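Have the picture at hand and find each residue as we go.

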Amino acid sequence: MSDANVRIPEEARDRLAAVAAAEGLSLRAYLARLAETVLTPAERADRAAQAKAALNAWTGYNPSAGEEADLDDELDRRLAQVQRP
């Protein structure tokens, strides 16, 4: 299926169209502009590596893989607490 055949639920489409109109854009132009801001997984990984290197250079902080996993688990736990209804 090509991208042109992707169907957006009607309610979401209408809401996005309203946001686009408020910014003086067509829905197509708004979605194109939005897509330009989305990073690929490789780009996100590259930015994360750059941020980690900058943090290490600035503060000397260099967590091990285990420490990173612990921090990720803690972040997941806290996000789950906030997202509960």
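R13 is partly exposed, with a relative accessible area of 34%. Here buried means under 20% relative accessible area, exposed means over 50%, and partly exposed is what lies in between, using a 1.4 Å probe and protein chains only. A word on the source: this is a predicted model, in which local features need pLDDT of at least 70 and side-chain atom pairs count only at pLDDT 80 or more, while totals for chains, interfaces and linings use all residues. Residues are numbered from 1 along each chain as its sequence is written, and side-chain values use heavy atoms, with hydrogens and water left out.

What does R13 do with D14? The two form a salt bridge, their closest N and O atoms being 3.0 Å apart. A salt bridge means that a side-chain nitrogen of Lys or Arg is within 4 Å of a carboxyl oxygen of Asp or Glu. Side chains of opposite charge can pair when their charged atoms come close. D14 counts as partly exposed, at 40% relative accessibility.

In the whole structure, a search finds 5 salt bridges. Another of them brings together the side chains of K52 and E68, at 2.4 Å from N to O. This pair links distant parts of the chain: K52 is in helix α3 (residues 41–59) and E68 in helix α4, 16 residues apart. Helices are DSSP runs (H or I, at least four residues), numbered from the N terminus. K52 is partly exposed at 34%, and E68 is partly exposed at 29%.

Now stay with helix α4, where E74 and R78 both lie, 4 residues apart, or about one turn of the helix. E74 forms a salt bridge with R78, and their closest N and O atoms are 2.7 Å apart. Salt bridges that share partners join E74, R77 and R78 into one network.

Which residues form a negative surface patch? They are E67, D70, D72, D73 and D76. Patch residues have over 30% relative accessible area and no salt bridge, and like charges are joined within 9 Å. Asp and Glu count as negative. E67 lies in helix α4 (residues 65–83) and is partly exposed, with a relative accessible area of 41%.

Finally, look at A17, placed in helix α1 (residues 10–22). The C-alpha atoms of A17 and D70 are separated by 41 Å, and the two residues are 53 apart along the chain.

Note on methods:
Patch = residues over 30% accessible without salt bridge, like charges linked within 9 Å, V, L, I, M, F, W, Y side chains within 5 Å. Areas by Shrake-Rupley, 256 points an atom, 1.4 Å probe, with all protein chains shown as cover. Charge placed at Lys NZ, Arg CZ, Asp CG, Glu CD. Helix = DSSP H or I, 4+ residues; strand = E, 2+ residues; numbered from the N terminus.
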